[in-house]
Amino acid sequence: MDITVKNAALDWNPLDTLPDSFLRLPHEIYANDPYWIPENSDSVSNQFSSKNPYFQSNSVWLGNIDGVSRLVGFFDDTNLINGELCCYFGFWETTDSLKHNETLFAELEAWAKQKGAKHIFGPINFSTYQANRLKLDAFDEPSFQGEPRNPSYYPNLLKQLGYHCYYQYHTSISHDLAELSDVLRPGYEKFLKHNHRDIKIGLMTPEIWMDNLDYLYEFIDQAFGNNFGYRKISKQVFNQLCGQPFADKMCPKSSVVATDQEGVIRGFFLGYPNYAELIQNGAENRISESEIHYQRHTDLLSSPKICIAKTVAVDPALRNAHLFSAMSFKITDNARGHYKTIYGAMVRDDNPSSNVSERLPYKRLYGLFSKQLS
């Protein structure tokens, strides 16, 4: 059995090639899971190569036990949480083996301590722009794109390894968009009363997104800068993650953008069709997630369609202007007639916006885990 932790104290060298078993492992673990959305091995390999500017100033540790478990650590010496240096873990996939995970996590924690980290948080793959959190329930239900998916034993393994759920998140599900619009309408009316027509809410389209991409790079940093675990990424990586392919997936009939009198973007809330049936492991004539395009693929989806409402940003100066509430109403109201169901995706439980989701009967739960290093 190949155990790639021989030089455990050393950083991953982006000039090296990822072990084949590292790339194969998730495909083996989820081989019989029809709802898994397959990991793109080429994309993962590129992320761990010298093409990724992350390696210009940050460190990565990689551990891999052939056919059993894999684990990655991420360290940025400017990343402080609660005033203390921290490390992230991510790309964690494993069989239900406590012994092997004890080996990998012990090596990761030794590396993190050597770097000066006081805490470990995860799963977070490089940054919160990418896959993060664990699924805590509804393991047998189909996943939507961007939703964590993992076997049911993952949370318990982490707890046995000394990790606790630091933050819990949820996805709220409504099968009655008219009813949800009525629930959200008072917030929209407060916005109209407060706003005095200074902010206009219209449809966000891929064209508007791409025309403002340079501006959005800085705007998103301001809007998300105080979010837990947020780290600014390079313009190069932002363009890769949030450029044309990203824009082409959004729904131009439900997504909203808020602009001021000069036409400057002050907020947005993006909606997407649930493309899962086209890209999941059990899909007939499966399409790669990276190739999904709203115009080409929406008509291939079964009815009734599901709208995934996620990726919302509000100018910090407008946080008390009810703009989030107004955009929540508008994306829901826009979705009526095009979708039967809407998912309010992965909101942190202590987020003020969760006040709305508490009134919805269907939820899915996720966790971000942490461990203090002695």
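How many disulfides does a search of the whole structure find? I put this to the predicted model before anything else, and the search came back with zero.

**Cysteines**

A disulfide would need the two sulfur atoms within 2.5 Å. I noted that Cys-87 is buried, at a relative accessible area of 1%. For Cys-242 the closest cysteine sulfur belongs to Cys-251 and lies 18 Å away, so a bond is again ruled out by distance. Cys-242 also counts as buried, with 8% relative accessibility.

**Salt bridges**

I turned next to charged side chains, since those of opposite charge can pair when their charged atoms come close. The structure holds 16 salt bridges, and I followed several of them individually.

My first entry is the pair Arg-24 and Asp-66, whose side chains meet at 3.6 Å, N to O. Because Arg-24 sits in helix 1 (residues 20–29) while Asp-66 belongs to the loop between strand 1 (59–65) and strand 2 (69–81), this bridge ties together parts that are 42 residues apart in sequence. I recorded both partners as partly exposed, Arg-24 at 40% relative accessibility and Asp-66 with a relative accessible area of 28%.

My next entry is the salt bridge between Arg-70 and Glu-39, with an N to O distance of 2.7 Å. This pair links distant parts of the chain, with Arg-70 in strand 2 and Glu-39 in the loop between helix 1 and helix 2 (41–47), 31 residues apart.

I then checked Glu-109 and Lys-371, whose side chains form a salt bridge at 3.3 Å, N to O. Glu-109 lies in helix 3 (residues 98–115) and Lys-371 in strand 12 (residues 362–372), so the contact ties together parts that are 262 residues apart in sequence. Here too I have both residues down as buried, Glu-109 at 11% relative accessibility and Lys-371 with a relative accessible area of 19%.

Note on methods: Residues are numbered from 1 along each chain as its sequence is written. This is a predicted model: local features need pLDDT of at least 70, side-chain atom pairs count only at pLDDT 80 or more; totals for chains, interfaces and linings use all residues. Side-chain values use heavy atoms; hydrogens and water are left out. Buried means under 20% relative accessible area, exposed over 50%, partly exposed in between (1.4 Å probe, protein chains only). A salt bridge is a side-chain nitrogen of Lys or Arg within 4 Å of a carboxyl oxygen of Asp or Glu. Helices (H or I, at least four residues) and strands (E, at least two) are DSSP runs, numbered from the N terminus.
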